[in-house]
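Biologist: Hi! Could you walk me through this protein model in plain words?
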Amino acid sequence: MIKVAIADDHGLMREGIASMLENVPDITVVGTVQGGEEAVNLTNKIQPDVFLMDIKMRGMTGIEAARWITDINPNIRIILISAEANKEFIAAGIKAGIAGYVLKDIDKEALINAIRTVIKGERYFSPDVMTIVFQDFYAQEKVEKIPGAREIKTDLTKRELEVLTLIAHGKSLKQIADELFINIKTVETHKLNIQGKLNLTNTAQLVRYAIENKIINLG
C-alpha cells in the first residue's frame, strides 16, 4: 500500500485530491496539512511514501518543505502540484530533490499514474512541464559547450554560489529568498557561511570577489 500525504493551503484542493485517491486499491491517504512547516512535522511523525505538495503556501513554501523532507528521508517521493508550469519553480523543485511536478488540472488517472511512477524510483512530469525541462536541458548543453567556458573552482556549495551570484547582481536578501524559494534567515546564514569561507566581511567584498573570479559577467 502506497502511503500518500497531501499539503495544500486550500481546503477544497486538499479534499479534492484526497477524493480522487479514494477507493484506489494500492493507495491510501495518511494525512493532509495546510502548510510547509506542518508537512515537515507530519513527515517526522508518519513517514509517508509520497507527498503531494502545493508550491505557494503561507509560511514555508512547498519547495523549501521539499528540501527539509528529502533531508529527513531521501526515500520519500515528493510531487509538486502547481497551477502553472513555471520554469523557476520547476528548476528550484528539481534542485530540492522532487520526484515529480504536475499541474492542478491533472485528472484522476494521471495523478494515480504519477504516484505509481515515482514510488518505483522514477520521475513524473506533466507534459507541459516536461517540455520546459527539456528546453532548459538543451539550453544548458549549449552553454556548457561554448569554447573557453570554465568551471568555477571554489569551496562554496552550489547553493552558496547561487546566493553569491545573486548578491553580486545587486539582489536584496528578500529578493534572493523569493527567487530561491527559501526564507530570509536561510539566505542570511548562507551569506555568513560564504563570508567565512572566503574570509570576507561585507557585501562589497563579496561583489568584488564574484567579479574578479568571473562568477558574474559584467560584459
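Modeller: Happy to, and we can go through the sheet, the salt bridges and a few single residues.

Modeller: This is a predicted model, where local features need pLDDT of at least 70, side-chain atom pairs count only at pLDDT 80 or more, and totals for chains, interfaces and linings use all residues. Residues are numbered from 1 along each chain as its sequence is written, and side-chain values use heavy atoms, with hydrogens and water left out.

Biologist: Thanks! In what order do the strands of the sheet come?

Modeller: The order is β2-β1-β3-β4-β5-β6, six strands in an open sheet with parallel pairing. Strands here are DSSP runs of E with at least two residues, helices are runs of H or I with at least four residues, and both are numbered from the N terminus. Two strands pair if DSSP finds at least two bridges between them.

Biologist: Which strands stand at the edges?

Modeller: β2 and β6 (124-125) do, each with a single partner strand, so one side of each has no neighbour in the sheet.

Biologist: And how many bridges join β5 to β6?

Modeller: Two bridges, and these strands run parallel. Y101 has F125 in β6 as its bridge partner.

Biologist: What holds strands together in general?

Modeller: Strands of a sheet pair through backbone hydrogen bonds, either parallel or antiparallel.

Biologist: New topic: how many salt bridges are there?

Modeller: The whole structure has 10. A salt bridge means a side-chain nitrogen of Lys or Arg within 4 Å of a carboxyl oxygen of Asp or Glu.

Biologist: What does D26 pair with?

Modeller: D26 forms a salt bridge with R116, at 2.9 Å from N to O. D26 sits in the loop between α1 (11-20) and β2 (27-33) while R116 is in helix α5 (residues 108-118), so the pair ties together parts that are 90 residues apart in sequence.

Biologist: Which residue does K95 bridge to?

Modeller: To E162, with the closest N and O atoms 2.5 Å apart. K95 is in helix α4 (residues 87-96) and E162 is in helix α7 (residues 158-168), so this pair links parts that are 67 residues apart in sequence. K95 is partly exposed at 49%, whereas E162 is buried at 14%.

Biologist: Which residues are in a salt-bridge network?

Modeller: D8, D54 and K104 are linked that way.

Biologist: Where is D54 found, and what does D54 touch?

Modeller: D54 is in strand β3 and is buried, at 4% relative accessibility. Leaving out residues up to four places away in sequence, D54 touches A7, D8, D9, G62, I81 and K104. Contact means heavy atoms within 4.5 Å.

Biologist: Last one: where does T61 lie?

Modeller: T61 is in the loop between β3 (50-54) and α3 (62-72). With 18% relative accessibility, T61 counts as buried. Not counting residues up to four places away in sequence, T61 touches I55 and F181.

Notes. Buried < 20%, exposed > 50% of the residue type's maximum accessible area, 1.4 Å probe, protein only.
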